[in-house]
Amino acid sequence: MNCDGRIITITSDSTPTPTPTPTPTPRRDADADDAMQFVRNLRRAPLGRLAAAGSAAAAAATLSSHADAEPLNLTKRGSVMVAPSDSITEVVIQARPVSQHIEEQQRELADSYADFSGDCSYEKALRALRSAFKLPSAELSRLSMHFRREAIKGLEGAPSSMQMIPTFVTKRVTGDEKGDFYALDLGGTNFRVLRLSLEGGGKVGAVKQAKFTISEATKTSDAAGLFGFLADSIATFLAKECGGNPSGDLGFTFSFPVTQTAINAGTLVMWNKGFTAAGVVDHDVVELLQTQLSSRGINLKVKALANDTVGTMEAAAYAYPDTTMGVILGTGTNAAYIEKGSKLGKWKGPPCDEMVINTEWGNLDMTSVRRARKFGGANSAARFGGATRAIRTDRTAPPRRTRQVMNATDHFIDGASTNPGKQTFEKMVSGMYLGEICRVAVLSPEVLSGFSAGCQAELRAAFAGSGALKSALMSAIEADDTAELSKAGAALAKAGVSSTTVRDRVLLREAAVNISSRAARLSAMGVASLLQLQEWDGAAGQPATVAVDGSVFELYPRFKERMEGGIAELLGVEAAKSVKLVLAKDGSGIGASIIAAVAE
Ligand code: BGC
């Protein structure tokens, strides 16, 4: 860095992992001059100063580190990205994840529909979306610090939004565990019952399974209603698939925050994901299930109770023993990881070298995190009639230097949920909420007015009710690779919005991209923070396998790549190469059986 601290970031376009080659002396070649002129021109355009969300954040962070400015929308020209500067003294070539390239293309397309000569409602809508959901690198780092502070407090037993629950799982899976097991998986829309054999050598034999949909009425009934439904479903499965009423051991995956009191016992701390059944909070969920099984004469005995994150991790570890983290990105979100016994200040049981911890990261408190905001930042002069000076002394003006990471949409969704103030991280990340975030953001007046008149009316009608815009629709819009977004148009028409122009569809995709990018980057922040807590030595190339399950991770376009980009931003490109995010599909039930086998 030179004396005025300027850094130019040139980002390789085609390859995801270029070799960093810092050039110590000023470089003024024709290409760079040309590109700078291009950026100067760009700065004249209103959207050139839009805050960059998601993909451009790495470049933005480099810039804002010296300029303390709203990140510029550094636009690609040919293969060079250049920051505006007249005195380049250092050139840093840094890796740019593939996801960043795709998102830049999407961003450029959205920008290309801006019409500066006439109606600027579209630009205002774009600006509103990008500014509401932006999450640049500096904020991601601040969040990571907040995450680690909360996690450490949770491990010590101090008040914290992260419960960091000891799971009683103290032995690593070897892959050699054997036996026949039954497994249950309760956590979202469906309840699954499985029968499987662990064959050793990391192999799981034939799995029989059945899925039962849990109705809203059952979710919101009471202990007998919910656990009675589970027992009835098990009875149906046993009759159909197992020839009657066998005896056997059960692994029970229960994907809610539970304080475990033994490997096969634990009390529910609170409900989430729309479950509210009365008489379960503060009760042992294994006992509640076992009572219903006994009353029906079912001879299965719960040997292990596990959160789905723990089950997912153990299932992956059966085949890949270096798995040290399990993450769920589906209806809800959470992670489990292996922690040293010496760091478990609150653990009162027998000493252990290490233990799997269920972090319950979904409840990370996002209401109290504030993000840096430059006083008098972009547009503030315009917003306050150009009276920047006056604002500094006028106590009635809003002299906030910070603002919350949660935006107005997030607060609205939290307030309207069954658990306001709780699971605020989950409400910004998981599949249960992404569609709703999109719905509320798109219907906000400043965004809605960016659509054509016909489209506005249809959006209002089709997405009037809460839950009306599904995360799957966002995913379909983002998956569309046609020039005119015609597949997105068809998906929208199915949802009741058929009068869309290309520009409308581009704007809707912009909403989806901004919301899902933020979710992926927040998830990346969680993974990177846990690796740091584990004192993982990425610089030395220590491998880290992170087992991930859930529809958002599995099905949402580019979610994984965006997570990888976020991890690289936080941990460094080289270290991030050793982090493998692997899909561990439907592993949690099997994992609970493995825990039962390990507990033998
Ligand atoms: C629950 C966690 C669970 C996660 C994923 C969250 O709502 O609190 O226990 O692991 O969803 O299913």
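Guide: Start with the shell around the ligand: three nonpolar, eight polar and four charged residues. Here Ala, Val, Leu, Ile, Met, Phe, Trp, Tyr, Cys and Pro count as nonpolar, Asp, Glu, Lys and Arg as charged, and the others, Gly among them, as polar. This is a predicted model: local features need pLDDT of at least 70, side-chain atom pairs 80 or more, while totals for chains, interfaces and linings use all residues. Residues are numbered from 1 along each chain as its sequence is written, and side-chain values use heavy atoms, without hydrogens and water.

Visitor: Which residues come nearest to the ligand?

Guide: Among the 15 residues around the ligand (a heavy atom within 4 Å), N272, N307, D308, E360 and E426 come nearest.

Visitor: What is 2.8 Å from an oxygen atom of the ligand?

Guide: Polar contacts pair N or O atoms within 3.5 Å. An N or O atom in the side chain of N307 is 2.8 Å from a ligand oxygen. For N334, also through its side chain, the distance is 3.0 Å. The protein buries 98% of the 310 Å² that the ligand exposes taken alone.

Key
A polar contact is a pair of N or O atoms within 3.5 Å; within protein, one must be able to donate a hydrogen and the other to accept it, and residues adjacent in sequence count only if both atoms are side-chain atoms. Accessible areas come from the Shrake-Rupley method with a 1.4 Å probe; for residues, only the protein chains shown count as cover.
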